[in-house]
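The structure is shown below.

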Number of protein chains: 2
Amino acid sequence: MPKIYVVDDEKDIREILKVNLQKNGYDVATFASAEEVIKQLAITKPDLLILDIMMSGMDGLDLCKHIRASNTLKDIPILFLSAKSAELDKVLGLELGADDYITKPFSIHELIARVKAILRRLQVKEETPKEVLTYKGIVLYPEKFSITIDKNPIDLTKTEFLILKLFMQYPGKIFSRDNIIDSIRGDNVYVIDRTVDVHIMNLRKKLGHYKDAIKTYSGVGYGLKG
Amino acid sequence: MPKIYVVDDEKDIREILKVNLQKNGYDVATFASAEEVIKQLAITKPDLLILDIMMSGMDGLDLCKHIRASNTLKDIPILFLSAKSAELDKVLGLELGADDYITKPFSIHELIARVKAILRRLQVKEETPKEVLTYKGIVLYPEKFSITIDKNPIDLTKTEFLILKLFMQYPGKIFSRDNIIDSIRGDNVYVIDRTVDVHIMNLRKKLGHYKDAIKTYSGVGYGLKG
DNA sequence: CCGTTATTATGAAATTTTTATAAAGATTAG
DNA sequence: CTAATCTTTATAAAAATTTCATAATAACGG
């Protein structure tokens, strides 16, 4: 059960977040100020921090800086809450290493989806075997974001790479377009189905004589020929 | 084809939603007031409700409460429409179990994407654990949408696959043509009986020496030899 | 059995659905 | 700003589904 710390000076927001995150299986603790959470961070590290940007006293940005400056804390993922998009520009501009952010008002689903996405990303980071994937003459180097075809390096875009990696992790499995979109772009990024067709087409072109390795299952999706 | 009820007191909004949802393959009915849709809900349940929050008479929030209080209706997902974010705070605060919301003005893409997302989430919940089905030398992999015959992978079309899966779930059981059509294409899709014969023929061809496994029960239907 | 009628099998055409592809538009990174 | 990438759109092409016509088989009453 992943542990999440929520820092916000508005009691109502703290409550909404707490209730809903708990309902989704997270272990949640809330704090009304940056100072409070800093005390707690000295004791236990959560898997994720959710910070309001605007707070009286030390605000979310300063807290973030504080955390990023600490060797023991700097790897904790941070999700920012913000009421104004202007504030968000600041976050992005400052390169504070926010893992994601969300604007108020937000839907519970959006929140949960983003939390899940962050934690999943983290897991993937830890889990992804830095091992080389091979399928016929195609060799994929997960950590190098690159592939070779019959020993020749081939350039793929990020999206093409992620799709191919997905396929090579589960050769023979069929992925629906929605599966592919979710897995490549994260949930709640909204792209229409046809987009996948285009990526598949571009990928096939680059695969040269292996282009038939990607099979179309009409009415269902795509996958590597098992 | 998922059924969606739209409730909004503005005619223009109703029309926009209806046209665009229909274009995306949804079966849409619109209602100008909470009272109207309540009458209809007594008769048929939709797969999703889209409610405007602000309406004269009973508003969206009250309607939502009404639905959540009903045993037969409480599981219907609800997507709220709202012009003001202040209203949305209310939705979130009240814990009405909104599945998502969208603020006016909204883009059609966003709307469609959210609708799809809600329905997809629902599906996942309902999906049954997928086990491999076996019948003699035929092995069917539900999640891979594929089969092997004596270890050799065989390509089936989606329809052929679904028919074979239906049969293999209940070997020995006889399915009428109507059973098969309903189970494969959903109710209220009208195709003539003979269509099934053709699918069965094509399926038998692909089953090779197992083609006799599908037995014809003259005057009744088809099924796997028990 | 036999003829008669009902039902199913089959090939092929017609229709519909789905996918491939090119090209334009939008977005993002540098 | 420019170039690369991603997304959308429009249309062509392919695949799948459905219908239809006809041959083959099964069911049934005598």
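## Surface near DNA strand C

The model is predicted. In it, DNA strand C is surrounded by 18 residues, the closest being A:Asp197, A:Thr216, B:Asp197, B:Thr216 and B:Ser218. Two elements each give two or more residues to this surface: α8 (194–206) of chain A and α8 (194–206) of chain B.

Sorted by class, the surface near DNA strand C holds six nonpolar, six polar and six charged residues.

## Surface near DNA strand D

Around DNA strand D there are 25 residues, of which A:Thr157, A:Thr159, B:Thr157, B:Thr159 and B:Val191 come nearest. The elements giving two or more residues here are α6 (158–169) and α8 of chain A, along with α6 (158–169) and α8 of chain B.

The class counts for the surface near DNA strand D are six nonpolar, 11 polar and eight charged residues.

## Hairpin in chain B

B:Thr216, one of the residues closest to DNA strand C, has B:Tyr222 in β11(B) as its bridge partner. Strands β10 (residues 214–217) and β11 (residues 221–224) of chain B run antiparallel and are joined by four bridges.

Three residues lie between the strands of this hairpin, and B:Gly219 takes a positive phi near 80 degrees.

## Chain A overall

Chain A contains eight helices and 11 strands. Of its 226 residues, 29% count as buried. Among chain A contacts between residues at least 6 apart in sequence, 56% join residues at least 24 apart.

Technical notes:
Residues numbered from 1 in each chain as written. Chains lettered and ligands numbered in written order. Predicted model: local features only at pLDDT ≥ 70, side-chain atom pairs only at ≥ 80, totals over all residues. Pairing = 2+ DSSP bridges. Near = placed C-beta within 6 Å. Nonpolar A, V, L, I, M, F, W, Y, C, P; charged D, E, K, R; others polar. Buried ≥ 20, exposed ≤ 12 C-beta atoms within 10 Å, placed from the backbone. Contact = placed C-beta atoms within 7 Å.
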